[in-house]
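Here is a short briefing on one protein chain. Please look over the sequence and the structure before reading the points below.

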Amino acid sequence: MAAHRKPRQSPLSGHTARAAVTLALAGAATATGFEGIGHAEPRLTPAQVKAKVDQLYQEAEAATQKYDGAKDQADAAQRRLRSLQDQTARRQEQLNSARDALGATAAAQYRAGGIDPAWQLVLSSDPDRYLDDAAFAERAGDRQAAEVARVRGQLREIEQLRGAARVVLTGLRSRQAELKRQKTTVDAELGEARRLLSGLTPEQRATVTTDGTGRASRSAADGRDPLTPSSAAAPDSRAAAAVAYAYSKLGSPYVWGATGPDAFDCSGLAQAAYRSAGVSIPRTTYAQINAGRRVSRSELQPGDLVFFYSGISHVGIYIGNGLMIHAPNPSAPVRVAPVDEMPFAGATRVA
């Protein structure tokens, strides 16, 4: 007779299991609640927001200068590529004409037949005239050979032009990729800055987006009105013209990558100001600092370019009395500001 065994009971059954599930769910909810609290983003003070936004703007400015440099190179490569393509097209037209001429000559020779010159002399009714004609034909053959050599030279030139165009095109694509990378960086940093500023009240935002003293938009340290051109003399008429242009652009919006006439980034404003004075300077701050003679801070005169940060990523136009005009960042238009509001890196008097 088979032995009957009692069925094994589950360690949790009935109300015991229900109680365990209830406790587990309660524990999970509690843990989730604490986890949410533990990972909540701390609210930044206006001072902390200002510090973070300033850092983001500085990083975006550095990326903007790299973007401007890559764009300058891409534009130059594009112009060079168009020039090579135009040269290639002209050479191709010349080659086609030369080939047509050779083809016509070859067809005429074919139609005339290939009779041996000795037999032509024997059969000729006028041997003297034949000899004259033969001499002419020989000279024509020499000219034809020279034409063939010229066509071969044109072929080589076209191939060289096409090779140069391929090299330029490769460089252009590389610079376009760099443009895309830098644009992504700038967009991300400016987007984060906008996000941080949107969490402030209008009053707090106004404090964060100025230098905190009001000197940049109201008055100079010595009480003079910074919106009136400085009485300090510029070293020459070109510097004076650049300063006058900068004054005329006060209030213009900051747009990264812009060189005017209605919007600017920092180096774009400097370039446009000197362009208005008939002077060509490079596009980026890294190159602009070498566009003239370096001067010390104590030697500054109106029209000098003043540079900031260790990476030389920002530039302004000195106007005298310790002030400059610059395009600060997307939160502020072109304006007058104290030179000492940013870490000074050097100055250049444009040659």
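Contact, in this briefing, means heavy atoms within 4.5 Å. The model is a predicted one. The chain has eight helices and six strands, and along the sequence they follow the pattern α-α-α-α-α-α-α-α-β-β-β-β-β-β.

**The chain as a whole**

- Of the 351 residues in the chain, 34% are buried.
- Take the contacts between residues at least 6 apart in sequence: 66% of these join residues at least 24 apart.

**The sheet**

- The six strands form an open sheet, in the order S1-S6-S2-S3-S4-S5, with antiparallel pairing.
- Strand S1 (292-295) and strand S5 (335-338) are at the edges, and each has a single partner strand, so one side of each has no neighbour in the sheet.
- On average, neighbouring strands of this sheet are turned by 40 degrees against each other, direction ignored.
- Four bridges join S4 and S5, which pair in the antiparallel sense.
- Two of the bridge partners in S5 can be named: Arg335 is the partner of His326, and Pro338 is the partner of Leu323.
- In a regular strand, side chains alternate between the two faces of the sheet.
- In S5, Arg335 and Ala337 point one way while Val336 and Pro338 point the other way, and all are buried.

**Helix H6**

- At the start of H6, a side-chain oxygen of Asp236 comes to within 3.0 Å of the backbone nitrogen of Arg238.
- H6 packs on the sheet, where it touches S3, S4 and strand S6 (344-350), and its direction makes about 105 degrees with that of S3.
- Ala239, Ala242, Val243, Tyr245, Ala246 and Tyr247 are the buried residues of H6.
- An α-helix has 3.6 residues a turn, so residues three or four places apart point the same way.
- The cover over the buried residues of H6 includes helix H7 (266-276), strand S3 (314-320) and strand S4 (323-326).

**Helix H7**

- Is H7 largely enclosed or left open by the rest of the structure? Nine of its eleven residues are buried, so H7 is largely enclosed.
- The buried residues of H7 are Cys266, Ser267, Gly268, Leu269, Ala270, Gln271, Ala272, Ala273 and Tyr274.
- After H7 comes Gly278, which has a positive phi, near 85 degrees.

**Nonpolar cores**

- In soluble globular proteins, nonpolar side chains tend to be buried together.
- The largest nonpolar core here has 55 residues, and Tyr274, Ile281, Leu305 and Ile325 have the most contacts inside it.
- Helix H2 (46-112), helix H4 (127-198), H6, H7, S2, S3 and S4 each supply at least two residues of this core.
- H2 gives the largest share of this core, with twelve residues.
- Another core lies apart from this one; it has eleven residues, among them Val295, Phe308, Ala337 and Val339.
- Ile281 touches Ala270, Gln271, Tyr274, Gln288, Ala291, Leu305 and Val350, leaving out residues up to four places away in sequence.

- Gln65 is in helix H2. Its relative accessible area is 0%, so Gln65 is buried; the cut-off for buried is under 20%.
- A polar atom of the Gln65 side chain lies 2.9 Å from the backbone nitrogen of Thr285.
- Leaving out residues up to four places away in sequence, Gln65 touches Cys266, Ser267, Arg283, Thr284, Thr285, Tyr286 and Ser313.
- Thr88 is also in helix H2. Thr88 has a relative accessible area of 12% and is therefore buried.
- Thr88 touches Ile158, Leu161 and Arg162, again not counting residues up to four places away in sequence.

Key:
Residues are numbered from 1 along each chain as its sequence is written. This is a predicted model: local features need pLDDT of at least 70, side-chain atom pairs count only at pLDDT 80 or more; totals for chains, interfaces and linings use all residues. Side-chain values use heavy atoms; hydrogens and water are left out. Buried means under 20% relative accessible area, exposed over 50%, partly exposed in between (1.4 Å probe, protein chains only). A polar contact is a pair of N or O atoms within 3.5 Å; within protein, one must be able to donate a hydrogen and the other to accept it, and residues adjacent in sequence count only if both atoms are side-chain atoms. Two strands pair if DSSP finds at least two bridges between them. Axes are lines fitted to C-alpha atoms, for helices over the stretch in contact, and angles run from 0 to 180 degrees between N-to-C directions. A nonpolar core is a set of buried Ala, Val, Leu, Ile, Met, Phe, Trp, Tyr and Cys residues joined through side-chain atoms within 4.5 Å.
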